[in-house]
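Have a go at each one before you read its solution.

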Amino acid sequence: MSTKTIAVLTSGGDAPGMNAAVRAVVRSGISFGMRVMGIRRGYNGLLNGDVFEMNLRSVSDIIHHGGTTLYTARSPEFNTPEGVQKAADNCRKMGINGVVVIGGDGSFRGARDLTGAGIPCIGVPGTIDNDIASSEYTIGFDTAMNTAVEMVDRLRDTTESHDRCSVVEVMGRRCGDLALQTGIAVGATTILVPEIPFDFHKDIVERMRFTQKTGKKHFIIVVAEGVGGVDKLAKDIEKETGIETRATVLGHVQRGGSPTLRDRVVASEMGYYASELLNNGKSNRVIVMRGGKIVDLDITEALEMKRVFDKHLYDIAHKISI
Ligand code: ADP
């Protein structure tokens with residue numbers, strides 16, 4: 001009887017919790033009786049053969065570490081038909097019959113293409129941005145939010161002492177979820193997200209003036225990466241209101257750090273589920289969270305879904321931050 005061999009890789013931007021997902025794929029894969037290989041630096045490792053066999057102890061002491069011990073990369077070469085073919089040929093040479101791809105939408109497109117070239121793939125959503133349309137939740141999002149909240153709380157101390165306004169940019173690419181959740185948690189006066197257009201005077205200046213009249217002396221404005229322009233915004237606010245205003249871009253600190261309980265648990269469950277699907281002969285699926293439950297969808301259908309922004313939560317934030 002030939003033993004099935006699967007492999008696991010992390011691809012695209014790293015996210016806290018990816019290690020927990022890798023650990024779950026490896027341990028459950030071995031417990032199902034499969035051989036499990038690790039691929040370094042995303043699809044690059046498949047192209048250049050940077051692949052090694054993993055055992056139960058290969059994933060010891062990684063569940064609490066941020067980043068990814070398999071390393072990650074963006075692979076322009078893989079993103080071509082020739083690259084996908086070469087990766088599939090290499091899988092066949094190495095006896096790999098299935099691959100778990102932990103990453104974002106771009107990585108899932110790669111997984112779909114690799115499946116098309118004859119190597120069954122399963123996607124696991126790993127990105128701090130929560131920008132995968134098919135899944136309510138992506139591994140790393142909770143840790144990134146908590147890091148952003150901690151950082152903005154620190155800014156708030158100094159903003160308060162100086163009666164200033166802080167304009168803070170948080171990550172999220174084209175998705176405003178990280179800004180929305182962080183903005184609510186830090187009590188931001190205004191939250192700017194790419195999904196909702198804003199008016200500088202009505203949504204920022206007038207709100208600051210109104211809250212100032214009711215006794216507020218310092219202000220936090222949270223801006224999503226997809227809106228950007230925080231330096232100019234800070235200058236405009238200072239000019240218009242006379243309140244000293246500073247811009248801060250949190251940047252990649254949000255990508256690091258020990259994963260939260262939620263990220264470790266979701267990553268563990270998703271990683272297990274991915275191994276189980278490959279063991280059961282499933283292919284071209286992505287593991288997602290829907291209605292709070294972990295389920296699987298066809299990758300191609302998942303990639304066609306459109307993200308729905310939580311406008312209701314945004315409206316609540318708007319009402320309670322005055
Ligand atoms: P993420 O997975 O976080 O969205 P990227 O969009 O950078 O990150 O994608 C990661 C890698 O996935 C790319 O470097 C490339 O190798 C592969 N990839 C992205 N888009 C495609 C595509 N349309 N077809 C095939 N592979 C892709």
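**Exercise 1.** In what order do the 4 strands of the open sheet stand, and is their pairing parallel or antiparallel?

*Solution.* Before you start, note that this is a predicted model: local features need pLDDT of at least 70, side-chain atom pairs count only at pLDDT 80 or more, and totals for chains, interfaces and linings use all residues. Residues are numbered from 1 along each chain as its sequence is written, and side-chain values use heavy atoms, with hydrogens and water left out.

Step 1: the order reads 7-8-6-9, and the pairing is parallel. Strands here are DSSP runs (E, at least two residues), and helices are runs of H or I with at least four, numbered from the N terminus. Two strands pair if DSSP finds at least two bridges between them.

Step 2: find the edges. Strand 7 (190-192) and strand 9 (245-249) each have a single partner strand, so one side of each lacks a neighbour in the sheet.

Step 3: zoom in on one pair. Strand 7 and strand 8 (residues 219-224) run parallel, joined by 3 bridges. Leu-192 sits opposite Val-223 in strand 8.

**Exercise 2.** Which strands does helix 6 lie across?

*Solution.* Step 1: helix 6 covers residues 177-186 and contains Ile-184.

Step 1: helix 6 lies across strand 6 (165-170), strand 7 and strand 8.

Step 2: check another helix. Helix 7 (residues 200-213) also lies across strand 6, strand 7 and strand 8.

**Exercise 3.** Is Ile-184 buried, partly exposed or exposed?

*Solution.* Buried means under 20% relative accessible area, exposed over 50%, and partly exposed in between (1.4 Å probe, protein chains only). Ile-184 has 32%, so Ile-184 is partly exposed.

Note on methods: Contact means heavy atoms within 4.5 Å. Axes are lines fitted to C-alpha atoms, for helices over the stretch in contact, and angles run from 0 to 180 degrees between N-to-C directions.
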